Amino acid sequence: MSTDQALATAVREATLAVPGVAWLASTAAVEVATYFAGGKVVGVRLAGDTVEVHVVLDRLPVPPVASRVDQAVRQVLAAAGDPRPVRVVVEDVADVALQAQPAGGS
Amino acid sequence: MTDTGAKVPNRGNPTGSGGQAGSAGSPGTASTSPRATGESPGGTRLVTDMGKTQISEAVVAKVAGYAAREIPGVHSMGAGMARRMGQLRSLVPGGVDASRQGVSVEVGEREAAIDLDLVTYYGQNIVDVSEAVRRNVFDRVQTMTGLQVVEVNINVDDVYVEGEGNGQNGGEDQSQPRVQ
């Protein structure tokens, strides 16, 4: 219903659609989430001057995936008319990524 | 994480007024023409040529109370002793409605001001949570009652720590022996 809910969900979907993103997470002591009536989206923070997306990757190397996440989120924000900058935080790398050959990109 | 604290004070203002800036500015001008027609936003349709609609404080308080609780970061509502007494009182038949716990409102003909007392969870960004609460209360009260919400003041009264009864560190020492 609320715009925050819609935007956070859209950001989440777009981020998960990027190959190499395992899931969104908030592993820090302070939870990163967007709160709205009836629920929250963990790993997406819309409340600041910068939109934050916290991800766990399952593919190495990190930079290309991170920049694709950045692009995807930017697109969503642009579509919603939100001019804020994006910050992608890689919270963790899943074990799968380390087992696979880094160059192979499973 | 560290820059959150710095960002947040700036953030409080733009959203507090910014979220509703378009309509929040208008009631001042709207109230100069008391018998406004239904066109202007917020509250004006409550006072018409054919009569007034009056919404009691109880209604606004109830709506605001439920709206605040809809946000997952809100543990409970009410300040200190009143919160504990309220939990008792709500068990008594015919007692005070628990949904109004921690809510105080002022309601005029077309405007409402709301004060909330919240308890949040430890580990959450309190500013983010209260921002979400404020926005939801604004939305719900304005859409359900038609009153123009002038302000939503939030007083975070306490932080709920899980396992607080066992001590400050969540009682991990007691729950599991360190040596086996």
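This section describes a predicted model of a complex, covering its confidence, its chain contact and selected residues.

Local features are reported only at pLDDT of at least 70 and side-chain atom pairs only at pLDDT 80 or more, whereas totals for chains, interfaces and linings use all residues. Residues are numbered from 1 along each chain as its sequence is written, and chains are lettered from A, and ligands numbered from 1, in the order in which they are written.

The predictor assigns the complex an ipTM of 0.75 and a pTM of 0.68. Residues 1-40 of chain B have pLDDT below 50. Beyond near neighbours in sequence, that stretch has 36 contacts in the model (two residues are in contact if their C-beta atoms, placed from the backbone, lie within 7 Å). Residues 166-173 of chain B also have pLDDT below 50. This stretch has five contacts beyond near neighbours in sequence.

Chain A contains three helices and six strands. Here helices (H or I, at least four residues) and strands (E, at least two) are DSSP runs, numbered from the N terminus. Along the sequence their pattern is α-β-β-β-β-β-α-β-α. Of the 106 residues in chain A, 37% are buried. A residue is buried if 20 or more other C-beta atoms lie within 10 Å of its own, exposed if 12 or fewer, and partly exposed in between; C-beta atoms are placed from the backbone. Among contacts in chain A between residues at least 6 apart in sequence, 67% join residues at least 24 apart.

Val53(A) lies in strand S5 of chain A. Val53(A) is buried, because 27 other C-beta atoms lie within 10 Å. Thr15(A) is 38 residues from Val53(A) along the chain, with 8.2 Å between the C-alpha atoms. The loop between strand S5 (51-57) and helix H2 (62-80) of chain A holds Pro61(A). The peptide bond from Leu60(A) to Pro61(A) is cis, with omega near 0°. Most peptide bonds are trans.The contact between the chains takes 14 residues from chain A and 18 residues from chain B. On the side of chain A that touches chain B, strand S2 (33-36) and strand S3 (39-42) each supply at least two residues. That side divides into seven nonpolar, four polar and three charged residues. Ala, Val, Leu, Ile, Met, Phe, Trp, Tyr, Cys and Pro count as nonpolar, Asp, Glu, Lys and Arg as charged, and the others, Gly among them, as polar.

Ala132(B) sits in helix H6 of chain B. With 27 other C-beta atoms within 10 Å, Ala132(B) is buried. Ala132(B) touches Tyr35(A) and Phe36(A), as well as Ile71(B) and Gly73(B), not counting residues up to four places away in sequence. Ile71(B) is 61 residues from Ala132(B) in sequence and 7.0 Å away in space, C-alpha to C-alpha.

Helix H6 (residues 126-145) of chain B also packs with helix H4 (residues 57-69) of chain B, at an angle of about 140° and with axes 8 Å apart. Axes are lines fitted to C-alpha atoms, for helices over the stretch in contact, and angles run from 0 to 180 degrees between N-to-C directions. H4(B) is therefore oblique to H6(B); angles under 35 degrees count as roughly parallel, over 145 as roughly antiparallel, 65 to 115 as roughly perpendicular and the rest as oblique. Residues making this contact include Val59(B), Val63(B) and Ala67(B) of H4(B) and Val133(B), Val137(B) and Arg140(B) of H6(B). By class, the contact has 10 nonpolar, two polar and one charged residues.

Key
pLDDT is the predictor's confidence in each residue, from 0 to 100.
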